Amino acid sequence: MSRPVIAIVGRPNVGKSTLFNRLVGERAAITSDVAGTTRDRVYYETTLGTYDCILVDTAGMEFEKKKDLEADVQAQAKLAVEEAHLILFVMDGTQPLTKSDLDCAMFLRKSKKPILLVAHKCDNKESLVYGPEMHTLGLGDTIPVSSIHNMGIPELEAAIEKVFKKMKWKKDRKRSDKDETIQIAIVGKPNVGKSSLVNSILGEDRVLVSPMPGTTVDSIDTSVEFLKQKYVLIDTAGMRRRGKVRQGIEKYSVLRSLQAISRSDVTCLVLDGSDDIANQDLHVSAYILEAAKGLIIVVNKRDLFEDVDEEQKRFLRMMQYRMNFIPWAPVIFVSALKRKNIFQVLESAKHIQEERSRRIPDEKLKTFLETTIHSHPPTRSGKKIIFSRVFQSRTRPPIFSFFCNLPDLLHFSYRRFLENELRRKFGFHGTGIKLEFWRD
Ligand code: GDP
């Protein structure tokens with residue numbers, strides 16, 4: 001079962017991004033800083049109420065005539081609404097409704113999606129001046145919220161929970177760590193060769209293919225076995241292959257990709273070696289990083305390279321520049337057409353799953369604490385931050401829990417230093433890991 005998608009929609013300046021950050025909470029602030037990039041977070045996997053869901057900030061949605069440059073962003077935002085299961089329609093509770101609010105309401109009404117009205121910036125009980133006006137939109141009651149003062153958030157979460165219950169949304173089945181099948185999501189822009197890659201894997205003599213029930217509306221699952229290892233390929237291009245979407249008109253549905261990534265252990269992000277890396281690819285990668293999944297960058301169409309060595313170097317340089325926030329992902333140059341390096345993808349996924357399943361013994365982490373941390377202790381504004389304990393609290397993904405006296409003061413560069421050192425000492429090549437900081 002996929003996760004429900006919640007889109008945060010509204011005109012500019014109503015505080016969509018602030019609400020987004022408030023809903024994803026502290027966790028997000030930490031991991032996104034680790035990425036060390038200036039990119040805006042747009043998609044995030046989070047838990048609201050008791051539901052694991054995907055939250056989308058549609059900051060680009062402006063409901064006015066736009067230049068071409070922004071049209072693309074708006075198209076993506078509209079696509080997000082199309083694919084969302086619930087909309088949070090954000091308005092400024094302290095201002096009269098504007099024409100943009102009304103246009104937005106009109107658009108949302110047409111979408112026929114469940115909508116919750118958020119009257120934002122209501123910092124106290126008196127500030128919801130325009131609640132009655134919002135009520136006239138006929139989209140239901142408004143929920144007054146202040147992200148900055150953290151007010152109304154529990155009420156909003158309760159309302160979200162109520163909608164999903166009413167929709168009878170089934171929760172994700174938690175997979176056990178003993179499940180030996182490796183789930184691989186195949187994602188990427190249209191025409192990079194996702195279908196061709198899947199076909200070339202399925203067409204190999206050494207790969208045993210068995211049809212699978214439980215295919216979702218977003219993707220097609222196929223069970224395969226190679227060298228005694230079982231895999232499930234979660235194929236986001238498969239719907240088109242089955243003729244449900246006509247060839248050539250497929251949109252790069254980032255949300256469909258995210259749904260597939262959520263269910264995966266390892267994601268293959270397929271890129272076209274003769275093309276550039278798109279911003280959407282970066283958004284998808286950032287999501288993979290935040291969800292701490294395994295990642296393989298599959299650069300396809302290697303057969304089009306005239307000078308293979310030179311072109312591969314050029315592509316790797318571009319990746320270092322554009323995707324420097326994920327230095328740990330293996331890059332495999334393949335040709336789906338000529339069936340070159342196809343098995344490497346499965347072998348790499350297996351290796352990454354082994355890395356994701358590793359548990360570092362407590363005593364090794366104690367040594368890590370005594371050497372790495374205590375010899376480079378962090379300080380902030382003259383205050384000493386003292387670490388007392390670290391242990392690995394989970395595998396798949398590996399999560400490390402650090403305990404210290406002042407976790408809120410930790411700078412993201414120190415968190416990044418800790419992640420780099422953990423990787424240097426213990427590996428985890430090919431997979432995201434999570435670091436959590438607790439007050440002791
Ligand atoms: P998808 O939209 O990502 O599923 O891409 P497709 O698998 O449909 O491939 C898009 C186009 O790229 C098709 O015309 C394929 O024949 C071509 N293509 C796919 N893989 C390769 C490859 O390895 N080399 C070359 N030269 N072309 C490829």
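**Entry 1: Thr267.** I looked up Thr267 and found it in strand β11, which spans residues 266-272. The model is a predicted one. The side chain of Thr267 makes a polar contact of 3.2 Å with the side chain of Ser264. Setting aside neighbours within four places in sequence, I listed the contacts of Thr267 as Ala185, Val187, Ile261, Ile288, Gly294, Leu295 and Ile296.

**Entry 2: Lys162.** With a relative accessible area of 65%, which is over 50%, Lys162 counts as exposed. I also checked the pair Lys162 and Gly49: 113 residues separate them in sequence, while their C-alpha atoms are 9.2 Å apart in space.

**Entry 3: the nonpolar core.** Which residues touch the most other members of the largest nonpolar core? I found that they are Phe89 and Ile297, in a core of 55 residues. Helix α9 (residues 279-290) gives the most to this core, contributing six residues. For Phe89 I noted the contacts beyond four places in sequence; among them are Val9, Gly10, Asp101, Cys104, Ala105 and Leu108. The list for Phe89 also includes Ile115, Leu116, Leu117, Val118, Leu137 and Leu139.

**Entry 4: the ligand.** I counted 17 residues around the ligand, of which Asn191, Lys194, Ser195, Ser196 and Asp303 come nearest. By class, I recorded six nonpolar, six polar and five charged residues in this shell. Which element gives the most to the shell? Helix α6 (residues 194-202) does, with three residues.

I then looked up distances to oxygen atoms of the ligand. A polar side-chain atom of Ser196 lies 2.5 Å from one such oxygen atom. For Leu337, a polar backbone atom is 3.0 Å from an oxygen atom of the ligand. For Val192, a backbone N or O atom lies 3.3 Å from an oxygen atom of the ligand. The ligand on its own has 580 Å² of accessible area, and the protein covers 79% of this.

**Entry 5: backbone geometry.** As background, I noted that most residues other than glycine have a negative phi, and most peptide bonds are trans.

- Asn13 is not a glycine, yet has a positive phi of about 75°. I located Asn13 in the loop between β1 (5-9) and α1 (16-35), and at 64% relative accessibility Asn13 counts as exposed.
- Asn150 is likewise not a glycine and has a positive phi of about 55°. I placed Asn150 in the loop between β6 (142-144) and α5. The relative accessible area of Asn150 is 41%, so I recorded it as partly exposed.
- Arg396 and Pro397 are joined by a cis peptide bond, with omega at about 0°. I found Pro397 in the loop between β16 (387-394) and β17 (399-404).

**Entry 6: the whole protein.** The protein has 13 helices and 18 strands. Of its 440 residues, 54% are buried. Its accessible surface comes to about 21,000 Å², and 52% of that surface belongs to carbon and sulfur atoms. I also looked up contacts between residues at least 6 apart in sequence; of these, 73% join residues at least 24 apart.

How values were computed: Residues numbered from 1 in each chain as written. Predicted model: local features only at pLDDT ≥ 70, side-chain atom pairs only at ≥ 80, totals over all residues. Heavy atoms only, no water. Near = heavy atom within 4 Å. Polar contact = N/O pair within 3.5 Å; in protein donor to acceptor, adjacent residues only side chain to side chain. Areas by Shrake-Rupley, 256 points an atom, 1.4 Å probe, with all protein chains shown as cover. Helix = DSSP H or I, 4+ residues; strand = E, 2+ residues; numbered from the N terminus. Nonpolar A, V, L, I, M, F, W, Y, C, P; charged D, E, K, R; others polar. Core = buried A, V, L, I, M, F, W, Y, C linked by side-chain atoms within 4.5 Å. Buried < 20%, exposed > 50% of the residue type's maximum accessible area, 1.4 Å probe, protein only. Contact = heavy atoms within 4.5 Å.
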